[in-house]
Amino acid sequence: NEHSAKEGEKAINIQVVVRCRARIEREVAANSPIVVQATPREIKVWANPQDMMPYKTFTFDKVFGADADQSRIFDTIVIPILHEVKAGYNCTLFAYGQTSTGKTFTMEGKLDLHNGSISPDAGVIPRSLYYIFDTLEAEQADFSVKISYIELYNEELKDLLSSDSDNRQLKILDDANRKCVLHGHEEVLIKSAEDGINVLKQGSIKRQVTQTNYNKNSSRSHSVFCITLHIKETMPDGEDLLKVGKINLVDLAGSENISRTGAENLRAKEAGKINKSLLTLGRCINSLNEHNQHIPYRESKLTRLLQDSLGGHTKTCIIATISPAKLSYEETISTLDYAQRAKNILNKPVANQRVTKKALIKEYIGEIERLRADLMAAREKNGIYLSQDTYQNLVDENQSRKDENEELKKLNEGLKEQAERFERENSIINRKLLRQTSINNHHQKVFQEFQKMMLSVTSQLEYKFNEIKTVHLGFGELIYNKMKEFMERRENEISATIKCIEERMDRSIQQKDQIIQIFDNQERISINLSAELLKFREETQKLIDQKGQELRNSSSATFNTFQHELSNQFEKIRSYQVKLGEDLSCLMKTTQEHIASQNQAITSFRSFTQESSNSQIDCMIEQKHLLAQLSEEDVLLRKSMEEEILTNVLETLKRY
């Protein structure tokens, strides 16, 4: 019993959070580096951890890294949802991601008690049970809690809480408001959180799990654990009302790459069914993002179960689980793309209508009377009894349905012919595309050959330039050695001259000493000696000037010779570099002109190919959409006819 959606209802986006676990032993043993970085609201993913650019960035409502424990995730994400459930809303929380990324650990975790209390590794389901009972008992509310546990395995629904001998088939039916209702499953009334965990353990034992290369206990099915609350409220006028809230905790099986997980035979078939249902879920999300009129909920039982959670009147939260290792890079990107698209879906949550005590009792009495009447009919009569008018109406209606089916068959044959024509046109377009692809490959091959030629010429020019550089360095080293030899030779000559002067000065000092000894007696000799000393001084000064001038003239001539020779060598190198630059410029200009002409030809051919392909593809897409729409209408019409016939038969049976 829900309020119908009203105009102007507040629409809210689905809440999406991401949980990135730490690397596991298998990834560490494979030396797979970390390529994911988590911040409170962003995820960055690199294709190569050594190259920090470029990277892909995804933004979500919340992001939890490897340091986030079970308690933190429950307190941040689940407790606000449970408050909405207690307020009378229907809510859904489901975990999605690649196999072995921690979905079941997040939803269930460890169910055993730890020192008499809940385990630190307990997941969302056990923590939710404890939180519901603790808070409602603290509020001294009058309430009841029912739970159910459903498994979807190979597109077959199974009640995990039913007995092994119970072979009832679970069915998904539409109520008067076109809302999906699960029929035939068992709801268990629990008195405490411990009772709920015991029931959860019994159901988990029956769930389909197996070992793969990725996970020792890989879930092979989707599961839905439903908690329904009934809380009594007393109105100011004294009337008792019943407030109903429900939360669906969904643990989806992980998407698998069969070649990596090593699934074979039955396990490969299971993986195919899992991937098919998840693919349908992705198609529904894409259709909701694109605001399509038709959403393919009916293509999978999983999407039918989640129909009200995706674009309906339920408050929904998705926990996307990923691996940080490079080994799972493609699966991580796929999961994050899926989660980002789901974030754009709008739901219009509506609180469940409160039911009075009298209305609830009346509903239960009516159900009991109907079951009692069915039981009496089964005891007293063997078979089904109908009046003639009712039987004739059913026959006429059945004949009308048959005629309508014949018309639909004829229409279907026409659609098949049209589809065959589309296939022929498609084959023609494919041949054209193949021809155009071969031309593009030829152009690409020519361009690659030209690129190889350019690389060869560049390598030759680089070799020549290195050769010139080597010659230049050798010439510079030769000049340096010659200048060094010249300076050493001149230094030796100057040293010899200075030594000669010093020897002559020593002899002069000796003679002066002799002269001083006989100075008193030989004044005339002293005067002559002084004259001789002056003459010697003049000769010495003249010799020094002469040697210095010779040294300067010789050094200047040698330096000018070397400078002239060095200038000639540099002029030759400069002229060779200018000529080399001109050759390179000419070659680059010719290359650029050739590349430009090739690019222009390729661009014109590509634009012509694109226009032709787009026109053909648009035509085919339009025709495909028309064919899909007609097929969908055919399928829906058939199903509605079958349901209407079944409804009429059931109503007739009720009347009798």
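Start by selecting Glu-139 and Lys-86: their side chains meet in a salt bridge, with 3.2 Å from N to O. Here a salt bridge is a side-chain nitrogen of Lys or Arg within 4 Å of a carboxyl oxygen of Asp or Glu. Glu-139 sits in the loop between H4 and strand E10 (143-153) and Lys-86 in helix H2 (residues 70-86), so the pair ties together parts that are 53 residues apart in sequence. Helices (H or I, at least four residues) and strands (E, at least two) are DSSP runs, numbered from the N terminus. Glu-139 is partly exposed at a relative accessible area of 49%, whereas Lys-86 is buried at 13%. Buried means under 20% relative accessible area, exposed over 50%, and partly exposed in between (1.4 Å probe, protein chains only).

A word on what you are viewing: this is a predicted model, where local features need pLDDT of at least 70 and side-chain atom pairs count only at pLDDT 80 or more, while totals for chains, interfaces and linings use all residues. Residues are numbered from 1 along each chain as its sequence is written, and side-chain values use heavy atoms, leaving out hydrogens and water.

Next, select Lys-243 and Glu-233, a salt bridge whose closest N and O atoms are 2.9 Å apart. Lys-243 lies in strand E18 (residues 240-251) and Glu-233 in strand E17 (residues 222-234), so this pair links parts ten residues apart in sequence. Lys-243 is buried, with a relative accessible area of 12%; Glu-233 is partly exposed at 23%. The salt bridge count comes to nine.

Which residues form a negative patch? Select Asp-134, Glu-137, Glu-194 and Asp-195 to see it. Patch residues have over 30% relative accessible area and no salt bridge, and like charges are joined within 9 Å. Asp and Glu count as negative, and the place of a charge is taken as CG of Asp or CD of Glu. Helix H4 (124-138) and helix H5 (193-206) each supply at least two of the patch residues. Asp-134, in helix H4, is partly exposed at 47% relative accessibility.

Finally, zoom out to the protein chain, which has twelve helices and 21 strands. Of its 656 residues, 32% are buried.

Technical notes:
Patches are made of residues with over 30% relative accessible area and no salt bridge: like charges are joined within 9 Å, nonpolar side chains (Val, Leu, Ile, Met, Phe, Trp, Tyr) within 5 Å. Accessible areas come from the Shrake-Rupley method with a 1.4 Å probe; for residues, only the protein chains shown count as cover.
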